[in-house]
Amino acid sequence: QVQLLESGGGLVQAGGSLRLSCAASGSIVSIYDMGWYHQAPGKQRELVAAISSGGATNYVTSVKGRFTISRDNAKNTVYLQMNSLKPEDTAVYSCYADLRIPVVPGTSRYWGQGTQVTVSS
């Protein structure tokens, strides 16, 4: 059984910072891409940032220069450092990991439970 456990969401004023963490645990052979999506009320889920196993990153335009994604492969953990937060960043943030588990061929995407980030003006 694979689990992704998120932490770090909360309420912050505009201009503030938050750091999200997402740790994968369980029977895992390899982890490939990891990343974060967010979904605001009434809007579609959107990819915020992603990072490959080799460290290559990409970001949605709206967060470039403010958010930084990183990972610790030894801990199977991905982070999202969010600086200069804006009210429009308010959303539920969910992490994902594309990984292989024993016996099952290929990769599957696993999701965290989601964490609320609220930025007040």
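Quick caveats: it's a predicted model, where local features need pLDDT of at least 70 and side-chain atom pairs count only at pLDDT 80 or more, while totals for chains, interfaces and linings use all residues. Side-chain values use heavy atoms, with hydrogens and water left out, and residues are numbered from 1 along each chain as its sequence is written.

Okay, the disulfide, meaning a pair of cysteine sulfur atoms within 2.5 Å. Searching the whole structure turns up 1 of them. The partners are Cys 22 and Cys 95, with sulfur atoms 2.0 Å apart. Cys 22 sits in strand E3 (residues 18-25) and Cys 95 in strand E9 (residues 91-100), so the link ties together parts 73 residues apart in sequence. Strands here are DSSP runs of at least two residues, numbered from the N terminus. The link is right-handed, with 55° about the S-S bond.

Now the rings. Phe, Tyr and Trp rings (the six-membered one for Trp) pair if their centres lie within 6.5 Å; under 30 degrees between planes is stacked, over 60 is edge-to-face, and the rest is tilted. The whole-structure search gives 3 aromatic pairs. One of them is Tyr 96 with Trp 111, tilted, at 5.7 Å centre to centre and 50° between the planes. Ring pairs join Tyr 37, Tyr 96 and Trp 111 into a cluster.

What lies over the face of Tyr 96? That's Arg 109, at 3.9 Å from the ring centre. Arg 45 lies over the face of Tyr 37, at 5.1 Å. For both, the cut-off is CZ of Arg within 6 Å of the ring centre and within 35 degrees of the ring normal.

Key: Helix = DSSP H or I, 4+ residues; strand = E, 2+ residues; numbered from the N terminus.
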